[in-house]
Amino acid sequence: MVMTHPTNTPHPTNTPHPTNTSHPTNTPQATPIPRLNFAAAAPKAFKALIGLDSAARDGLDPALVELIQIRASLLNGCAYCLHMHTSDARKAGEDEARLHMIGVWREARNFFTPKEQAALALTEAVTLVARGGVPDDVYAEAARHFDTSELSRVLALIFAINTWNRIALSTAKVAGEDERAAH
């Protein structure tokens, strides 16, 4: 039963969201509507974001970089970036079991170092910032594991991957396609 407002229109929270519908695996998926190529349409902005991303990861452990990018992409529901970063992590030698545990890292802490756990918690807080900001305890725990310079770069990396996720989702990037080589 759908609750209605006094005007008899369905309440938005009770109306099914199109992304929450399930599709049988035998049903052909509609071809995505072509969207703009952000890199070609906004080359200065795209290059600036590449610069932020590059500066953020400079000096950080590459495994940590991928963990952060994977966790944010999971939270944002970005299949394009999730595929890209799990593939990159595998190529860099990341353990398959750890990749499977990123989404449930709190229940699988034994797979991650305390420093990685602090980074994952910070990634969640910043990615979901609208749900309550970045709690002081989460920030303090990250600050215990990273010096000021590292912490600044971890934050910048979280900002960058969240922006990349939003670009990929907004422009309907297809998971499995990696356009980085073209740029």
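How many aromatic pairs does the structure hold? The structure holds two aromatic pairs, where rings of Phe, Tyr and Trp (for Trp, its six-membered ring) pair if their centres lie within 6.5 Å. This is a predicted model, in which local features need pLDDT of at least 70 and side-chain atom pairs count only at pLDDT 80 or more, while totals for chains, interfaces and linings use all residues. Residues are numbered from 1 along each chain as its sequence is written, and side-chain values use heavy atoms, with hydrogens and water left out.

**Aromatic pairs**

- F46 and W164 form an edge-to-face pair, with 5.4 Å from centre to centre and 75° between the planes; planes over 60 degrees apart count as edge-to-face, those under 30 as stacked and the rest as tilted.
- This pair links distant parts of the chain, since F46 lies in helix α2 and W164 in helix α8, 118 residues apart; helices here are DSSP runs (H or I, at least four residues), numbered from the N terminus.
- F46 is buried, with a relative accessible area of 13%, and W164 is buried as well, at 16%; buried means under 20% relative accessible area, exposed over 50% and partly exposed in between, with a 1.4 Å probe and protein chains only.
- Ring pairs link F38, F46 and W164 into a cluster.

- Helix α3 covers residues 62-76, and its 15 residues should span 21 Å at 1.5 Å a residue, which agrees with the 21 Å between its end C-alpha atoms; the expected span of a helix is 1.5 Å times one less than its number of residues.
- Eleven of the 15 residues of α3 are buried, so this helix is largely enclosed by the rest of the structure.
- The buried residues of α3 include L64, L67, I68, R71 and N76, and what covers the buried residues of this helix includes α2 (43-57), α4 (79-91), α5 (96-101), α6 (114-127) and α8 (148-170).
- At the start of α3, a side-chain oxygen of D61 reaches to within 3.1 Å of the backbone nitrogen of A63, whereas the helix is followed by G77, whose phi is positive, near 70°.

**Helices α6 and α8**

- Helix α6 has 14 residues and reaches 20 Å from its first C-alpha to its last, close to the 20 Å expected at 1.5 Å a residue.
- Twelve of the 14 residues of α6 are buried, which leaves the helix mostly covered, and what covers its buried residues includes α3, α5, α7 (136-145) and α8.
- Helix α8 has 23 residues and reaches 33 Å from its first C-alpha to its last, close to the 33 Å expected at 1.5 Å a residue.
- At the start of α8, a side-chain oxygen of D147 reaches to within 3.1 Å of the backbone nitrogen of S149, and just after this helix A172 takes a positive phi of about 55°.

**Nonpolar cores**

- The largest nonpolar core has 27 residues, and those with the most contacts inside it are I68, I102, L122 and V154; such a core is a set of buried Ala, Val, Leu, Ile, Met, Phe, Trp, Tyr and Cys residues joined through side-chain atoms within 4.5 Å.
- Helices α3, α6, α7 and α8 each supply at least two residues of this core.
- A second, separate core of 13 residues includes A39, A72, C81 and M84.
- I68 touches A119, T123, V154, L157 and I158, not counting residues up to four places away in sequence, where contact means heavy atoms within 4.5 Å.

**E124, a buried glutamate**

- E124 lies in helix α6 and counts as buried, at 11% relative accessibility.
- The side chain of E124 makes a polar contact with the side chain of R106 at 2.4 Å; a polar contact is a pair of N or O atoms within 3.5 Å, of which, within protein, one must be able to donate a hydrogen and the other to accept it, and residues adjacent in sequence count only if both atoms are side-chain atoms.
- Leaving aside residues up to four places away in sequence, E124 touches R71, L75, W105 and R106.

**Cysteines**

- The count of disulfides comes to zero, a disulfide being a pair of cysteine sulfur atoms within 2.5 Å.
- C78 is in no disulfide, and the nearest cysteine sulfur, that of C81, is 3.5 Å away, which is too far for a bond.
- C78 is buried, with a relative accessible area of 1%, and C81 is buried, with a relative accessible area of 3%.
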